[in-house]
Amino acid sequence: MSCPCCSPRNINDLDNTFDAAQARQDARRYLKKGLDKRARKLIAYLLAHCGKPVSVLDIGCGAGGAHQELLRRGIADRAVGVDASSAYLEAAKANAARLNLSDRVVYEHQDFALTAASFAPAEVVLMDRVICCYPYLAELLGAAAQHAQGYLCLSFPRDEWWTRLPYRLYDLFQALFRSKYRFYLHPYPQIMALAEAAGLRLVHTDRTGLWQILVFARSR
Ligand SMILES: C[S@@+](CC[C@H](N)C(=O)[O-])C[C@H]1O[C@@H](n2cnc3c(N)ncnc32)[C@H](O)[C@@H]1O
């Protein structure tokens, strides 16, 4: 696999893996049923603690439900959604238009780890199920943490003995079917160290099923 500074885009085949069918399904589900349990837990701390409307940078935003929910509830007044999947961004844009949010959100088709310098910092940075899709944790999470002026909200797979087997099996199937996409179970201490090195401290943890949720705040 090529390194982030040499390869322009599509590391881990993200643009093909997160395709139009998946994007349409996620977008429809949000319109019909709202956020799923993990995403509700990811933003719960913000709902309780953000006094005035904030700016949001949703990295690996997918179909956009997390930042769109914050905009709809008045927790956010503007948002940027960035994703390496063009299909997901199309779905997010279409949902934003349906929800009358288009004037408050901008979408960027980019690999954030490669283009972080072109993004402005935001009060809230969201990364919901993103770091497990990307091999270069330091480049992605390090840059994301630097962009968080107030809070960084992360969800990622729990690294427990009973979660490792399904993820390994998933990767095995990916290899068998000649898919280039791989799943990454990044070590918890490394995640903590990267956030803390960027000046953030852990203020909230939660979990649901296979997912760990961490919220960091910038020390003022
Ligand atoms: C499992 S999906 C999650 C989407 C959404 N956050 C959600 O929870 O519904 C992971 C998304 O992260 C995106 N992603 C992963 N690494 C990325 C990177 N370095 N830059 C931009 N997007 C990235 C993928 O393209 C994919 O759309």
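**Entry 1: the nonpolar core.** I began with the largest nonpolar core, which has 67 residues. Among its members, Ile-59, Val-125, Leu-126, Leu-140, Ala-144, Leu-152 and Cys-153 touch the most others. I note that the model is a predicted one. I then looked up the contacts of Leu-152, leaving aside residues up to four places away in sequence. Leu-152 touches Val-125, Ala-144, Ala-145, Ala-195, Leu-200 and Phe-216. In soluble globular proteins, nonpolar side chains tend to be buried together.

**Entry 2: helix H2.** I checked the length of helix H2, residues 20–33. At 1.5 Å a residue, its 14 residues should span 20 Å, and the end C-alpha atoms are 20 Å apart, which agrees. Which residues of H2 are buried? I found Ala-23, Ala-27 and Tyr-30 to be buried. They lie on the same side of H2, because they cover an arc of only 60° around the axis. An α-helix has 3.6 residues a turn, so residues three or four places apart point the same way. On the other side of H2, Ala-21, Gln-25, Lys-32 and Lys-33 are exposed. I also looked up what covers the buried residues of H2, and this includes helix H4 (65–72) and helix H5 (86–98). After H2 comes Gly-34, with a positive phi near 80°.

**Entry 3: the ligand shell.** I turned to the 21 residues around the ligand. Leu-14, Gly-60, Gly-62, Phe-112 and Asp-128 come nearest. Strand S2 (76–83) supplies at least two residues of the shell, and helix H6 (112–115) likewise supplies at least two. By class, I recorded 13 nonpolar, 3 polar and 5 charged residues in the shell around the ligand.

Definitions and conventions: Residues are numbered from 1 along each chain as its sequence is written. This is a predicted model: local features need pLDDT of at least 70, side-chain atom pairs count only at pLDDT 80 or more; totals for chains, interfaces and linings use all residues. Helices (H or I, at least four residues) and strands (E, at least two) are DSSP runs, numbered from the N terminus. The expected span of a helix is 1.5 Å times one less than its number of residues. A residue is buried if 20 or more other C-beta atoms lie within 10 Å of its own, exposed if 12 or fewer, and partly exposed in between; C-beta atoms are placed from the backbone. The arc is that of the directions from the helix axis to the C-beta atoms. Two residues are in contact if their C-beta atoms, placed from the backbone, lie within 7 Å. A residue is near a molecule or strand if its C-beta atom, placed from the backbone, lies within 6 Å of it. Ala, Val, Leu, Ile, Met, Phe, Trp, Tyr, Cys and Pro count as nonpolar, Asp, Glu, Lys and Arg as charged, and the others, Gly among them, as polar. A nonpolar core is a set of buried Ala, Val, Leu, Ile, Met, Phe, Trp, Tyr and Cys residues joined through C-beta atoms within 7 Å.
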